[in-house]
Amino acid sequence: MSGTPGSRSFQMRTHLSGITPGTYTSRNEGDTSEPVTRPGYRPWPALGHTLDTLDPMTSHQSTQTMKPATAAKKLGVYLEATPAEFREGKVSRDELNALQADPPEWLRDLRRNGPHPRPVVAAKLGVSISGLARGGITEPLTTEQIEALKQERPEWLERERATQAEVRKEAARLRQRKAERGTR
């Protein structure tokens with residue numbers, strides 16, 4: 001009958017209600033008691049405890065580290081322009097926080113003059129990253145090059161800025177619509 005849907009196992013049929021399978025009953029019938037489980041079924045204590053195999057939890061946290069590319073992205077700088085010791089090592093969360101709170105001279109200089117990564121270039125020009133690619137800008141640009149593009153005002157830049165303005169306008173309209181639906 002084993003394995004038939006709707007049937008109960010031998011152990012389920014034979015154990016007393018309210019007694020955990022694999023434990024011993026206590027019927028107050030003297031000093032001995034019989035196991036509820038049939039022979040060949042190991043009682044719970046013989047199985048060993050699962051938590052014995054796990055490492056005990058420690059109260060300290062391990063230091064989180066990230067790749068230099070991730071840290072550069074979070075700092076908003078172009079990785080290839082960073083110092084060699086930054087590119088070759090790992091950056092801990094504490095080091096990243098320290099760089100953000102009190103940036104060293106090399107980081108201030110990169111943020112001020114560039115070369116800037118594409119997300120920063122796109123933000124400074126007021127276009128999307130894909131708009132940069134459509135305009136033929138695939139390399140990082142310096143602040144000077146970005147300012148020159150703003151002065152030249154090429155056709156692709158004007159077109160992409162208009163597209164970006166429409167996207168922002170539509171996003172604002174959708175937020176407004178969602179807010180109105182939420183108040184009803």
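In this predicted model, threonine 143 touches Arg112, Asn113, Gly114 and His116, residues up to four places away in sequence being left out of the count. Threonine 143 itself belongs to helix α9, which covers residues 143–152. Its side chain makes a polar contact of 2.7 Å with the side chain of histidine 116, and a polar atom of the threonine 143 side chain also lies 2.7 Å from the backbone oxygen of arginine 112.

Arginine 108 is partly exposed at 36% relative accessible area, and glutamate 105 is partly exposed at 47%.

The structure holds seven salt bridges. Another of them joins glutamate 160 and arginine 134 at 2.8 Å, N to O. This pair links distant parts of the chain, with glutamate 160 in helix α10 and arginine 134 in helix α8, 26 residues apart. Glutamate 160 is buried, at 5% relative accessible area, whereas arginine 134 is exposed, at 54%.

The largest nonpolar core comprises twelve residues, among them Ala71, Leu75, Phe86 and Leu99. Helices α3, α5 and α6 each give two or more residues to this core, and α3 gives the most, with three. Beyond its neighbours within four places in sequence, phenylalanine 86 is in contact with residues including Pro68, Ala72, Val91 and Trp106. A second, separate core of eleven residues includes Val121, Ala122, Leu141 and Trp156.

Technical notes:
Residues numbered from 1 in each chain as written. Predicted model: local features only at pLDDT ≥ 70, side-chain atom pairs only at ≥ 80, totals over all residues. Heavy atoms only, no water. Core = buried A, V, L, I, M, F, W, Y, C linked by side-chain atoms within 4.5 Å. Buried < 20%, exposed > 50% of the residue type's maximum accessible area, 1.4 Å probe, protein only. Helix = DSSP H or I, 4+ residues; strand = E, 2+ residues; numbered from the N terminus. Contact = heavy atoms within 4.5 Å. Polar contact = N/O pair within 3.5 Å; in protein donor to acceptor, adjacent residues only side chain to side chain. Salt bridge = Lys/Arg side-chain N within 4 Å of Asp/Glu carboxyl O.
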